[in-house]
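Here is a short briefing on one helix pair and a few backbone features. Please have the sequence and the structure open while reading.

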Amino acid sequence: MAFYFNEPSRTFSEYLLLPNLTRKECVPNKVTLKTPLVKFNRGEVPAIYLNLPFTSAIMQAVSDDKMAIALARCGGISFVYGSQFIEDQVEMVRKVKNHKAGFVLSDSNLKADQTLRDVVKLTKDTGHSTIPITENGYPTGKLMGIVTSRDYRVNKYSMDLKIEEFMTPFHSLIYGKEGISLSEANDMIWEHKLNCLPIIDDNQKLCYLVFRKDYTDHQENPLELLDVHKRLVTGAGINTRDYEERVPALVEAGADVLCIDSSDGFSEWQSETISYIKGKYGDSVKVGAGNVVDREGFHYLAEAGADFIKVGVGGGSICITREQKGIGRGQATAVIEVAKERNEYYEKTGIYIPLCSDGGIVHDYHMVLALAMGADFVMLGRYFARFDESPGRKIKSGGMNYVKEYWGEGSDRARNWQRYDMGGDDKLSFEEGVDSYVPYAGKLKDNVEITVSKIKSTMCNCGALSIQELQKTAKMTLVSATSIREGGAHDVILNKDNEYEK
């Protein structure tokens, strides 16, 4: 007969942390969120660490090259989505690895024979006020000039005026040559009182832009996640179908770590994929696997050679796997059980395999719960989809508020049938994800800083200065529906109009 678990499947919202003694040294600026990304042996150090325990989900609506750059600069890592042509994913990975802090690849370009109307539209669409004018309109075309807001007046000029008639032409520009250091570029910016310095090669082709504002920005990102060559670290998603073609291309492009993207990781297809990667590259190529929800699933992928293991089935905000198939488990229960098995595996083998909690996170404090329960880092979809850096379009909703598009990899829009591979040649016959919107939240960095401050403050209340200490000392309690209500504002009339100044 079927096996039955006696305890119900729990979510993060059913738990609260209890405070421990807050020692005098437990202040937020002493808390470290550094955490291992890939497995390591007892007494050794991991090949890759995260400076913040955040990864962005392997989703079309979340993780492209822009997200990967922004998150790595904050200290986390993105896994560039794999549900696209191999060459397109490879190009995204290359953009991340070729990104130099302070050196920006231009993504707002026009040609000289276009009009002021095109300038106004591009500025409105992108929010960028500096537009390089290249011979072919491409980011790396021959630089012909630059347009900024100081070069035109919308209320005075005709919308049909050609760009070549009002742009700052190349012969009037101050520029740097390819190979210049960031320090030298910034010296030129300050010396000539520039807002932007274009960097060109010997053929006058545009290479990068260096902005005055990025000098300060670079100083404000001390947690940047960099490889040994001082390049940003990035991951990439793969599937269990075309890995023999996709993996070598991603490795050649410089991907630091791979992750098999699947709704169910407890499968022979994942074992075969890991076996191929380890057989071809040994331990030089790191690959995560998942998703699993119990000790058996963890043990299977651990023995297969996974470098980290993702936990969670059906808990994502856009995931309807549980509704469609009745498969899944409450995220808290899944993390607790898998973490216990991971710890026992470590004691027996001396191999520590990091866990990623993927899904089920609604509030920032849920991240602390996931870490306390044994996850080493969390994977977030909805959270990151809200930001400027996500690929989804920003749309005005209801005439006032902005939202961003957010769709699941199991939705018809994504058409990522490889993620739900059940063997054979059948394509996706029913959806396991929805197409939706999330409230627009602004820049990634601003929001991550707020989230990190909450996490560090909570850890101080728990008497923990690191994730490892939190996992050893955290105390948790189950909560009732009534106590959940008690935890929010209640029995008052909220002042929604801010009539009174504080």
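Strands are DSSP runs of at least two residues marked E, and they are numbered from the N terminus. The model is predicted.

**Peptide bond**
- The bond from Gly290 to Asn291 is cis, and its omega is near 15°.
- Asn291 belongs to strand E15, which covers residues 286-292.

**Positive phi outside glycine**
- Lys193 has a positive phi, near 55°, and is not a glycine.
- Lys193 sits in the loop between helix H4 (182-191) and strand E11 (196-200).
- Lys193 counts as exposed because its relative accessibility is 71%, and the cut-off for exposed is over 50%.
- Gln204, also a residue other than glycine, has a positive phi of about 70°.
- The loop between E11 and strand E12 (206-211) holds Gln204.

**Packing of H8 and H10**
- Helix H8 (residues 295-304) packs with helix H10 (residues 331-349) at an angle of about 45°. Their axes are 8 Å apart.
- H8 is therefore oblique to H10.
- The crossing of H8 past H10 is right-handed.
- H8 contributes Arg295, Glu296, Phe298, His299, Ala302 and Glu303 to the contact. H10 contributes Glu337, Val338, Lys340, Glu341, Arg342, Glu344 and Tyr345.
- By class, the contact of H8 with H10 has eight charged, four nonpolar and one polar residue.

Notes. Residues numbered from 1 in each chain as written. Predicted model: local features only at pLDDT ≥ 70, side-chain atom pairs only at ≥ 80, totals over all residues. Heavy atoms only, no water. Axes fitted to C-alpha atoms, helices over the stretch in contact; angles between N-to-C directions. Helix = DSSP H or I, 4+ residues; strand = E, 2+ residues; numbered from the N terminus. Parallel < 35°, antiparallel > 145°, perpendicular 65-115°, else oblique. Left-handed = near helix turned anticlockwise from the far one by under 90°. Contact = heavy atoms within 4.5 Å. Nonpolar A, V, L, I, M, F, W, Y, C, P; charged D, E, K, R; others polar. Buried < 20%, exposed > 50% of the residue type's maximum accessible area, 1.4 Å probe, protein only.
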